[in-house]
Amino acid sequence: MKKSVNLKSFYYGFPVFLASTRDPITQQLNIAPLSASFSLGNTLMIGVNKSNKTHDNIVAGSDVVINIPPHQLWSKIEQLGRMTGREIVPDSKRSQGFSSCTDKADAAGFTLEASTYVSPDRVADCPIQAECKTVDVIEKEAFILVELAIKQVWIDEYLLNEDGSLNTAQWNPLIYKFREYNTTTDAFGFNFKYGS
């Protein structure tokens, strides 16, 4: 029997990613953990809360690098999640334990590498990265939906088969499932489109 409930969050299971953006005025890099996304073809859509620096940078014109971490980085990502790139921490965030940080990569122990097509750096610790141009920003009440065009994808060689396809047996992404960090387990099988 099912019961009607009111959940604080309906995060039923999304891959975690780190969004790299750059303040177009100060050139300060910002890295933030996010988990609302989907992709179709060469288009990525991400959801960004209006209360953080990632929002500010994108609205001001920043492009975005999507850095996809392996599950082993969950504790660093949790540490990063308590930081904001904004100089002034809103009271609502301060009461939750947030602090201001201008160099999040250094504070969380991440290594950076230059991007080819966009200004924000890539997070070298993440084996899958997508350099993206910001195409459109759709305003919602407490967040924005951002349409991104993928310009370049980078994947560590250990995740690739000889034919260049992704070796899914080697890849265990970090999943944010109802506010719990998790990962994938053994595969049940493959979709009929696998490898095409």
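The model is predicted, so local features need pLDDT of at least 70 and side-chain atom pairs count only at pLDDT 80 or more, while totals for chains, interfaces and linings use all residues. Residues are numbered from 1 along each chain as its sequence is written, and side-chain values use heavy atoms, with hydrogens and water left out.

**The largest pocket**

- The largest pocket holds about 1,200 Å³ of space; a pocket here is an open set of points on a 1 Å grid over the protein atoms alone where a 1.4 Å probe fits, with protein on both sides within 12 Å along at least five of seven lines.
- Its lining has 35 residues, and Tyr11, Pro33, Asn49, Tyr176 and Arg179 lie nearest the centre; lining residues have an atom within 4 Å of a point.
- By type, the lining divides into 18 nonpolar, eleven polar and six charged residues, with Tyr and Pro counted as nonpolar and Gly as polar.
- Strand S5 gives the largest share of the lining, five residues. Among the other elements that supply at least two residues each are helix H2 (74-81) and strand S12 (143-155). Helices (H or I, at least four residues) and strands (E, at least two) are DSSP runs, numbered from the N terminus.

**A three-stranded sheet**

- Three strands form an open sheet in the order S1-S13-S14, with antiparallel pairing; two strands pair if DSSP finds at least two bridges between them.
- Strand S1 (14-15) and strand S14 (180-183) are the edges, each with a single partner strand, so one side of each has no neighbour in the sheet.
- Two bridges join S1 to strand S13 (residues 174-177), and Phe14 stands opposite Tyr176 in S13.

**Aromatic pairs**

- The whole structure has two aromatic pairs, meaning Phe, Tyr or Trp rings (the six-membered ring for Trp) with centres within 6.5 Å; planes under 30 degrees apart are stacked, over 60 edge-to-face and the rest tilted.
- Trp74 and Tyr181 have ring centres 5.7 Å apart and planes at 40°, so their pair is tilted. Trp74 belongs to helix H2 and Tyr181 to strand S14, so the pair ties together parts 107 residues apart in sequence.
- Tyr176 and Tyr181 make a tilted pair too, at 5.6 Å centre to centre and 40° between the planes.

How values were computed. Grid points are joined across faces, edges and corners, and a volume is the space filled by probe spheres set on the points.
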